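Take a look at the chain below.

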Amino acid sequence: MAFGDYPKEYNPSVHGPYDPARFYGKPDTPFGQVKISEIGSWLARRNKTPSAFMGAVSRAWWRWQHKYVQPKRVGMAPFFQLLVANMAFFYAINYGKIKHHRNYKYH
């Protein structure tokens, strides 16, 4: 699959219009229904290539877009979600500098 192509599992005559938030591969057991003894085999069935990871990230992005950003009546939720995500990201990248400013009772 080249950049910008449809997934190889997508068939327009079967699936209809393309939805970037949908997985077109072979369906498997959802993670919530996997028993503890089956976790190893479930993880072994996952596709661990970089393109599969980027596809999962892309589907998650589009699902978030469809749920929070693109409805007719958008609330404040997507703006606050991005704000909190940015705050957490910048806190994580600046943690090394911030931790030196702690106030200790005993030096």
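## A surface patch

Is Val-74 buried, partly exposed or exposed? Val-74 is partly exposed, with a relative accessible area of 38%. Buried means under 20% relative accessible area, exposed means over 50%, and partly exposed is in between (1.4 Å probe, protein chains only). Val-74 is found in the loop between H3 and helix H4 (77–93). Helices are DSSP runs (H or I, at least four residues), numbered from the N terminus.

## About the model

This is a predicted model: local features need pLDDT of at least 70, side-chain atom pairs count only at pLDDT 80 or more, and totals for chains, interfaces and linings use all residues. Residues are numbered from 1 along each chain as its sequence is written, and side-chain values use heavy atoms, without hydrogens and water.

## Salt bridges

The structure holds two salt bridges. A salt bridge is a side-chain nitrogen of Lys or Arg within 4 Å of a carboxyl oxygen of Asp or Glu. Arg-45 pairs with Asp-28, with the closest N and O atoms 3.1 Å apart. This pair links distant parts of the chain, 17 residues apart. Arg-45 sits in the loop between helix H2 (39–44) and H3, and Asp-28 in the loop between helix H1 (12–15) and H2.

Asp-28 also forms a salt bridge with Arg-46 (2.2 Å, N to O). Asp-28 lies in the loop between H1 and H2 and Arg-46 in the loop between H2 and H3, so this pair ties together parts 18 residues apart in sequence. Shared partners join Asp-28, Arg-45 and Arg-46 into one network. How exposed are these residues? Arg-45 is partly exposed at 46%, Asp-28 at 34% and Arg-46 at 30%.

## The largest pocket

The largest pocket has a volume of about 1200 Å³. Of its 37 lining residues, the closest to the centre are Phe-23, Ser-51, Ala-52, Gly-55 and Arg-59. On a 1 Å grid over the protein atoms alone, a pocket is an open set of points where a 1.4 Å probe fits, with protein on both sides within 12 Å along at least five of seven lines; lining residues have an atom within 4 Å of a point. The volume is the space filled by probe spheres set on the points.

Helix H3 (residues 50–69) gives the most to this lining, with ten residues.

How values were computed: Helix = DSSP H or I, 4+ residues; strand = E, 2+ residues; numbered from the N terminus.
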